Every structure is written in C-alpha cells, then in structure tokens.
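Me: I would like to go through this model term by term. For each label, set the value against the cut-off and then conclude.

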Amino acid sequence: MNGEPREHRTFRLLPWTAAEGKPCYVLGDGTGYVSRMADGIESIQLGMADDLLGHAADLLADRRVTGAELHFLASRLSESLREVKRVAESRGSRLNASGPVPDNDRPGHREPDIDSR
C-alpha cells in the first residue's frame with residue numbers, strides 16, 4: 001500500500017522431499033537462493049534422465065542382458081521418472097499460477113488421434 005508494485009509470490013514444489021517423504025515447498029518470486037538451487041537440481045535431474053534413457057536403449061538392444069541388469073535398469077528408470085514427474089508438476093503449477101490455461105491444456109480435453117480422421 002506504499003505505492004510500490006507487489007512482487008508475485010507463489011508456492012513452488014521443490015525437487016526434493018523431507019525425511020518422511022513429504023513434499024517441500026518454497027514461497028517466493030522465483031529469484032531467491034532456494035529457487036535457484038532448485039532450478040539447478042531440476043536441470044541435473046533432467047540431464048540424468050536423458051542419460052539414463054540412452055543407457056536403457058543400449059542395454060535393451062543387448063540380447064545378453066541379465067535379469068539382474070534389467071531389474072537395476074527398471075529401478076533407476078522408476079526413480080528417474082518420479083523425479084521428472086515432480087519437475088513437471090512443479091513447473092506446471094507455476095505456469096498455471098502465472099495466468100489462465102488455454103482450453104486445449106485443461107484436463108479432459110483430448111486432441112483427436114491422427115489415425116481417427
């Protein structure tokens with residue numbers, strides 16, 4: 001009320017959890033230390049997911065792969081998918097907080113399949 005513009009503060013889902021597995025959030029405008037740290041961790045997580053996909057393609061192309069190797073791969077892919085899903089949820093909620101969502105991005109709206117035309 002002092003005539004200065006109010007900063008846009010929102011809650012951000014962080015790319016890590018509390019010890020009990022509960023989600024962690026930060027309240028801010030997205031420029032603070034914790035937000036920058038979260039950006040860095042998300043970038044690392046997405047890069048590692050990309051590397052893991054490459055490794056998975058190589059491993060699945062190998063006919064001599066063992067069950068133990070496939071189990072290890074599935075475990076790492078599951079961990080990575082959980083992290084990438086968290087990044088997507090965090091970024092999606094920040095997009096939604098910044099303005100209205102177009103109709104074609106709302107849940108329940110489905111683009112027609114190419115084959116069904």
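Me: How many helices and strands does the chain have, and what makes a run count as one?

Reply: The chain has two helices and two strands. Helices are DSSP runs of H or I with at least four residues, strands are runs of E with at least two, and both are numbered from the N terminus. In sequence order the pattern is β-β-α-α. This is a predicted model, where local features need pLDDT of at least 70 and side-chain atom pairs count only at pLDDT 80 or more, while totals for chains, interfaces and linings use all residues. Residues are numbered from 1 along each chain as its sequence is written, and side-chain values use heavy atoms, with hydrogens and water left out.

Me: Why is Glu-42 called buried?

Reply: Buried means under 20% relative accessible area, exposed means over 50%, and partly exposed lies in between (1.4 Å probe, protein chains only). Glu-42 has 1% relative accessibility, so Glu-42 counts as buried. Arg-12, at 4%, is therefore buried as well. Of the 117 residues in the chain, 17% are buried.

Me: What makes Glu-42 and Arg-12 a salt bridge?

Reply: The rule asks for a side-chain nitrogen of Lys or Arg within 4 Å of a carboxyl oxygen of Asp or Glu. For Glu-42 and Arg-12 the closest N and O atoms are 3.2 Å apart, and the pair forms a salt bridge. Because Glu-42 lies in helix 1 and Arg-12 in strand 1, the pair ties together parts that are 30 residues apart in sequence.

Me: What is the distance between the closest N and O atoms of Arg-94 and Glu-42?

Reply: It is 3.8 Å, and Arg-94 forms a salt bridge with Glu-42. This pair links distant parts of the chain, with Arg-94 in helix 2 and Glu-42 in helix 1, 52 residues apart. Arg-94 has 26% relative accessibility, so Arg-94 counts as partly exposed.

Me: Which residues are linked in a network of salt bridges, and what does the count of salt bridges come to?

Reply: The network links Arg-12, Asp-39, Glu-42, Arg-91 and Arg-94. By the same rule the count comes to seven salt bridges.

Me: How do you know that Glu-79 and Arg-76 form a salt bridge, and where do they lie?

Reply: Their closest N and O atoms are 2.7 Å apart, which meets the 4 Å rule. Both residues lie in helix 2, three residues apart, about one turn of the helix. Glu-79 has a relative accessible area of 36%, so Glu-79 is partly exposed. Arg-76, at 27%, is therefore partly exposed too. Glu-79 and Ala-49 are 30 residues apart in sequence, with a C-alpha to C-alpha distance of 9.3 Å.

Me: What makes a space a pocket, and what is the volume of the largest pocket?

Reply: On a 1 Å grid over the protein atoms alone, a pocket is an open set of points with protein on both sides within 12 Å along at least five of seven lines, whereas a cavity is a set where a 1.4 Å probe fits but cannot get out. A volume is the space filled by probe spheres set on the points, which are joined across faces, edges and corners. The largest pocket has a volume of about 150 Å³. Strand 1 (10-17) and helix 2 (67-97) are the elements that give two or more residues to the lining.

Me: Which residues line the largest pocket, and how do they divide by class?

Reply: Lining residues have an atom within 4 Å of a point. Among them are Leu-13, Trp-16, Gln-45, Glu-79, Arg-82 and Lys-85. Helix 2 gives the largest share, six residues. The lining has three nonpolar, two polar and six charged residues. Here Ala, Val, Leu, Ile, Met, Phe, Trp, Tyr, Cys and Pro count as nonpolar, Asp, Glu, Lys and Arg as charged, and the others, Gly among them, as polar.

Me: Why is Met-48 called exposed?

Reply: Met-48 has a relative accessible area of 53%, against a cut-off of over 50%, so Met-48 is exposed. Met-48 lies in helix 1.

Me: Why is Ile-41 called partly exposed?

Reply: Ile-41, in helix 1 (residues 33-61), has a relative accessible area of 27%, so Ile-41 is partly exposed.
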